[in-house]
Amino acid sequence: MVKKTDSIPPQIVELPRVPVWAIPRGAVDSDIDAAYAAGAALTALDQLVRTDADWLGAWRHRLALKAATASTKLMGRRENEAALRDAWYLRQGTDELGPAGDVLLAWRRLAARSSPPDAEMVETLAVQLGIAWSPEFEDIIEEVAELSASSLPAPFAAAQAAAAVMTRQPKAELLAWWMADCVLSMRMRWPIYTPLLGTQIHAPLLRFGDDRLRARPGSAEFGRAVCIAVALGAADACKLGVTLAAQAEKLRKVEPKLRSKSAAQVLDRLFNDDAVSGSFTTKTLSRWASRRLFERLVQLDAVRELSGRDTFKLYGL
């Protein structure tokens with residue numbers, strides 16, 4: 001029996017991870033095996049998505065960055081994560097994002113969304129993703145709603161949503177991947193949508209046949225490809241969650257040591273976004289004070305400097 005004076009150590013809550021057996025390591029030739037792995041992976045990811053962790057905003061936006069990087073590669077562009085991050089965080093208020101930056105904006109919109117897309121949003125997305133608008137895209141809205149409310153397993157509903165986009169515009173593959181991720185989140189009833197499939201567009205295991213061609217939305221193998229992408233993406237996302245959770249805990253512990261009046265606002269930004277500019281200012285935080293605050297946080301190992309530069313620095317969990 002525990003006495004009232006005894007201290008009870010707090011329970012250590014472990015974040016969910018995708019089981020090792022559910023992470024594909026080689027070619028998956030069976031739709032059943034792929035679906036089985038996807039189911040196990042989604043179970044773990046669903047548990048993570050539904051936690052009340054204060055760093056989930058940063059987690060979703062970092063996944064959006066990964067999806068945007070894969071998307072720009074699909075466009076034949078060379079921007080990596082660092083270049084996309086710079087395009088987003090170092091721009092001035094009136095600066096154009098450029099084609100690659102617009103792709104990041106599209107994925108960030110998904111990472112902040114909690115309701116189905118409407119026709120106006122799909123039209124905006126098409127522009128951001130460099131896709132010619134087609135009036136037939138308006139029909140996708142109704143189909144997306146039907147798929148999200150269907151009894152189809154989430155990965156297969158997502159695959160059908162992507163195929164619906166390609167049927168209307170064969171050159172709209174980026175929009176197809178975005179819509180697949182959107183329907184996956186809707187079908188899972190996630191409170192805020194999560195970029196996942198888009199992070200795995202170029203995964204080697206999504207190549208099939210003797211020629212090892214990448215499965216494209218609408219192809220015969222795409223349902224299996226989505227299941228594999230779910231398993232791989234969920235495993236990566238859960239690992240990222242573990243990393244960010246550990247960093248967020250360090251940040252919480254050092255908060256009492258910070259003297260800045262704006263420290264709470266800066267920490268909130270760090271918890272809810274991929275990165276924060278080193279020149280971030282508020283009414284009570286000057287650029288000089290901001291630099292000093294971030295230097296202090298780096299010294300305390302509470303944040304990481306993400307750019308690797310001496311100037312125009314970016315910080316994040």
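Reader: Which residues in α4 are buried?
Author: This is a predicted model. In α4, the buried residues are A100, G101, V103, L104, A106, W107, R108, L110 and A111.

Reader: What covers the buried residues of α4?
Author: The cover includes α2 (56-74), α3 (81-89), α5 (119-128) and α8 (173-188).

Reader: And how far apart are the end C-alpha atoms of α4?
Author: They are 20 Å apart. Helix α4 has 14 residues, 98-111, and at 1.5 Å a residue it should span 20 Å, so the two agree.

Reader: Back to α8. At what angle do the axes of α7 and α8 cross?
Author: Roughly 150 degrees, and the axes come within 7 Å. That makes α7 (residues 154-168) roughly antiparallel to α8, as the angle is over 145 degrees.

Reader: Is the crossing of α7 and α8 left-handed or right-handed?
Author: Right-handed.

Reader: Which residues meet there?
Author: From α7, A154, P155, A157, A158, A161, A162, V165 and M166. They meet E173, L175, A176, M179, A180, V183, L184, R187 and M188 of α8.

Reader: New topic: strands. In what order do they form the open sheet?
Author: The order is β3-β5-β4, with antiparallel pairing. β3 (276-277) and β4 (304-305) are at the edges. Each has a single partner strand, so one side of each lacks a neighbour in the sheet.

Reader: How many bridges join β4 and β5?
Author: 2 bridges, in the antiparallel sense; β5 covers residues 314-316.

Reader: What stands opposite R304?
Author: G316, in β5.

Note on methods. Residues numbered from 1 in each chain as written. Predicted model: local features only at pLDDT ≥ 70, side-chain atom pairs only at ≥ 80, totals over all residues. Heavy atoms only, no water. Helix = DSSP H or I, 4+ residues; strand = E, 2+ residues; numbered from the N terminus. Expected span 1.5 Å × (residues − 1). Buried < 20%, exposed > 50% of the residue type's maximum accessible area, 1.4 Å probe, protein only. Contact = heavy atoms within 4.5 Å. Pairing = 2+ DSSP bridges. Axes fitted to C-alpha atoms, helices over the stretch in contact; angles between N-to-C directions. Parallel < 35°, antiparallel > 145°, perpendicular 65-115°, else oblique. Left-handed = near helix turned anticlockwise from the far one by under 90°.
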